[in-house]
Each structure stands twice: as C-alpha cells, then as structure tokens.
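Please look over the fold described below.

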Amino acid sequence: MEVSSVFSLCAKLLGIVITVTWILRAVNWVWLRPKRLEKCLRKQGLKGTPYRFLFGDLRESFKMIKEARSKPINLSDDVVPRIFPFVLDTVNNYGKDSFMWIGPTPRVHITNPENIKDVFMKIGDFPKPHSNPLVELLAKGLASYDGHKWAKHRKIINPAFHMEKIKHMVPAFYVSCNEMLTKWEQLMVKQNGSDKECGEIDVWPYLQNMTGDVISRTAFGSSYEEAKNLFELQKEQAELAIKAIQNVYIPGWRFVPTKLNRRMQQIDCQVQTLLKELINKRENAMKAGEAPNDDLLGILMESNFKEIKEHGNNKNVGMSIKDVIEECKLFYFAGQETTSVLLNWTMIMLSRFPHWQARARDEVTMILYEVLRLYPPVILLVRRVHKQTQLGSLTLPAGVQVSLPTILVHYDTELWGEDAKEFKPERFAEGVSKATKGQVSFFPFAWGPRICVGQNFALNEAKMAMALILQRFTFELSPSYAHAPATVITLQPQYGAHLIIHKRN
C-alpha cells in the first residue's frame, strides 16, 4: 500500500473517531448526563419537572415571564407571580426544595436557612456557575470569580469600600442628588408656570441618572454627562444579555455572527476602549503625581500598585489592565443599578404608605431594609456543584446548580410571619439579626465571605438621597402609575415610576 494511501486511510479513521467522540459527548451532554442526574435527585426524594430534551424548562419559563409581563398588576397584588412565575409554580407543585431545568442542567432550589448558610459559607464547595460568555460581556469582575483570583481581587478592592473611604464620598452623593432635585423643581415650573408647588414626574430615569452620576464621581472623578455613553452602552448590553440567557448556550456559539452576538461584541469593544482610555489617563497622571487618589479608581489602582510592589512585581500578583477594566465595568453597572432600584421601590412604597414619609426622616434604615426584603435588586442567586457535595440531608452530584431564590425566602410566611407580604418596616426596628431571628433569611446583598463589597456604599448613598428628597418633597402615586416590577438583570419598574411630587413648605 502506498504511503499516501496509508495517510489517507489514517486521516479518515481519525476523522471517524473524532466525529464519533463528538457525537457521544453531545449525546451525553443533552441526554445521558441529565437523565443520570435526574435519577440521582429523585432517588433522594427531591421532586421537580421532568427533563425535556436540550431546552429543559427554559422555553416554558420565558413564555410564562412574557405572559406575566404583558400587563401590570394591582398595588395590593403579590409581586412574585409576575416576577418569578415558573419558579413559583415549581415550588408550589413540588415543594420548597425542588428542582427545575436550565437547559440540560438541573437547578435545585434551596430555601432552608441552615442550608442557605452552608452554601454561602462553603464557597469552595459552592462556587459561582460558569455563565454564558455572552452574558459575561456585560460585567465580570469580582462578582464572577472564584478561588485564588477572587481572593486576590477582593483583597485589592476592599480598601476602596472601607467606611472611612465612603465617608469622604458623601459630598459627591450630596452634589449628585441635589442636582437631580433641582431638575425636579425646574420641571415643576415648566409644567405649572409660577405655581410650582407640585408636578408629575417619572422619577425612575432621574434616579438612574443620579446614581450613575454618583458612581461616575466617586469611582472616576467624572460626572454622568461625561460617562453617559458608557451607561447607555451598558444598559443596552443588559437588555441583550437577557435575550442571550433565554436560550441554551452551545459551546462556541458566541463566535457565530448572529445579529445579537455581533452587537454584544461591538458594545464590549466600545466599553473596553472607553475604560482603557480612562485608566491609562489616570495611570499617567498618577505617575506624574497629579492624580486624585480618593475616588474608587484611584484607591483601587493605588492598592493594586502596592500589592504588586510588595511581591516584587510577580506577574501572578495584582491585577492586569484587563482585570481593572472588568472591575470598572462592574463598578459602573452594579454601582448604578443596585442603588437606583432601591431608591425607586422606596419611593413607590412611601407613596403607597405616605404616613411612613414623616417617620422615614428618622427611621430611613429600617425602611430601606424592608424595601430590600420586598424588592431585592437581584431576585435569585445561583451556585454550582463541581463535585459530590453534602448539603443538609441532600447529597448533590457534580453538575447540579443550586438556586437561592432570594425573593421567595424573603416572602416566606414560615420565616417572616403571616404578614410577610406586607410592608412593615418596624420588623427591622431592632436590626437585621433580631428581624431574622439569627437565621440566613435576608440576603439582598448575598451573605457570608462573598457578601457584596459595595453594600455599605449603596446603603449610604440611598440614605443620603432619601434624606434630601424627604427634606424638600412629599410624594404620592400618580393616576398614571402602573405597578409592574420586572427583571432586567435587576428588579426594575417596567413602565417607570410616575409620581406626583409636592414641594414642602
């Protein structure tokens, strides 16, 4: 047999082996492995939806969300069926600790506070799940990392969020909020001429702009107007990310030049370019001794330089420029979103229960906590199991996801009492520990070692903003307000937040 024929035969055999291997792996991924995991979960007494080929429960889940979002609800209605319809149905039909399917991956819902505590504390056993690479284009950074990289980034970032540093940012909080309130007063004049005592305002976009302005000033020393393009790009990226997670991600799919993929990549390139220019400019100014070091970026870069210097410029120590860019993306997105939605729902709830507006001037903290309980910015936290792991009485096999449905736990009458769905800030009058009876049943910023590093930043900004708003205005719901909480990464008002704002005498 000629050498060329031998090579040709070997190439064909190799091609057949590769094809068969790929087919077997694909069959295992979409069918054999899911059925094996389902059998393991059911054997332990867990109940859940039966596995459906490839898509699992994704199609049904997003169909129910689309239907729920087609119309607003009454103010007195339970918000969970509108926000979380499929998960609520699963829990109602199969029990609190039940499972559903995210494509070919089973997701087990955990609602018992002791088990939730274990998931939060055992970060090595319950790391963050591998996310859709397209979704990661929105913001990666500290919130997405595990292991050594998470520990390294947390150590470098922590100094930027110490309370002493946050206290120095209070003037920036004040300036940004004051500018927003001045715009409200100008809008009243425009609506009513000389009679500027009240006016109707959709406060939601103003709150977004204000918190964007705060994060711009405190993180980068700029203003919202200067960073407007960046915020608009990230807002579009968030909407596209929601579309991306509605389908099963097939490895390599991000490289297929679909319209959505192309746009997400374009936005990422633009955001990376904007942030790289900003970081390079700051780095050059720092080297020249001309840069401020009291904003988040300055503190972060100073902490990073110190870490690198202490370890002799070891390449495995400190953050790269790419790492810093990812953390900046997270600052911009999470820093704006978390506080804006908290302020939005606080104003909605104080409009619905106006007697709390007067009390809020002295008791704003417990009001903010109660709003975070009823309208947590992120309604669900997810972890993965990468090896067989014991959780309470459950033995979870590798490949399973663990879901901590924040909003379901926050509304659980067994944990919070029969009034769990009611707005009662006084439940937090003696602090979180007393309200939760020491259980892990309140975690709007997560919990344990991985609790959100920006929690104090968000709460202090929200306190300052509400104090200034309540000093100058009272407010009530407009007849045009439509109650429609909806998730776009964070829990937002689908149709805005139309309020009647009254100037205080």
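In what order do the 3 strands of the open sheet lie? The order is β4-β12-β9, with antiparallel pairing.

## Basis of the model

This is a predicted model: local features need pLDDT of at least 70, side-chain atom pairs count only at pLDDT 80 or more, and totals for chains, interfaces and linings use all residues. Residues are numbered from 1 along each chain as its sequence is written, and side-chain values use heavy atoms, leaving out hydrogens and water.

## The open sheet

The edge strands are β4 (198–202) and β9 (473–477), and each pairs on one side only. On average, neighbouring strands of this sheet are turned by 30° against each other, direction ignored. Strands here are DSSP runs (E, at least two residues), helices likewise (H or I, at least four), numbered from the N terminus. Pairing requires at least two DSSP bridges between two strands. β4 and β12 (residues 498–503) are joined antiparallel over 5 bridges.

Helix α8 (residues 170–192) lies across β4, β9 and β12, at about 120° to β4. Helix α9 (residues 203–220) lies across β4 and β12, at about 70° to β4. Axes are lines fitted to C-alpha atoms, for helices over the stretch in contact; angles run from 0 to 180 degrees between N-to-C directions.

## The nonpolar core

The largest nonpolar core has 144 residues. Such a core is a set of buried Ala, Val, Leu, Ile, Met, Phe, Trp, Tyr and Cys residues joined through side-chain atoms within 4.5 Å. Buried means under 20% relative accessible area (1.4 Å probe, protein chains only). Trp-184, Met-347, Met-466 and Ile-501 have the most contacts inside the core. Helix α13 (residues 321–352) gives the most to it, with 15 residues.

Met-347 touches Trp-184, Met-466 and Ile-501, among others, not counting residues up to four places away in sequence. Contact means heavy atoms within 4.5 Å.

## Strand β5

Strand β5 (residues 381–384) is covered on both faces. Leu-381 and Arg-383 are buried on one side, Val-382 and Arg-384 on the other. β5 runs antiparallel to β8 (residues 401–404), joined by 4 bridges. Val-382 stands opposite Ser-403 in β8.

## His-410

His-410 sits in helix α15 (residues 406–410). Its relative accessibility is 0%, so His-410 counts as buried. The His-410 side chain reaches the backbone nitrogen of Phe-443 at 3.1 Å. Beyond four places in sequence, the contacts of His-410 include Leu-372, Arg-373, Trp-416 and Phe-443.

How values were computed:
Buried < 20%, exposed > 50% of the residue type's maximum accessible area, 1.4 Å probe, protein only. Polar contact = N/O pair within 3.5 Å; in protein donor to acceptor, adjacent residues only side chain to side chain.
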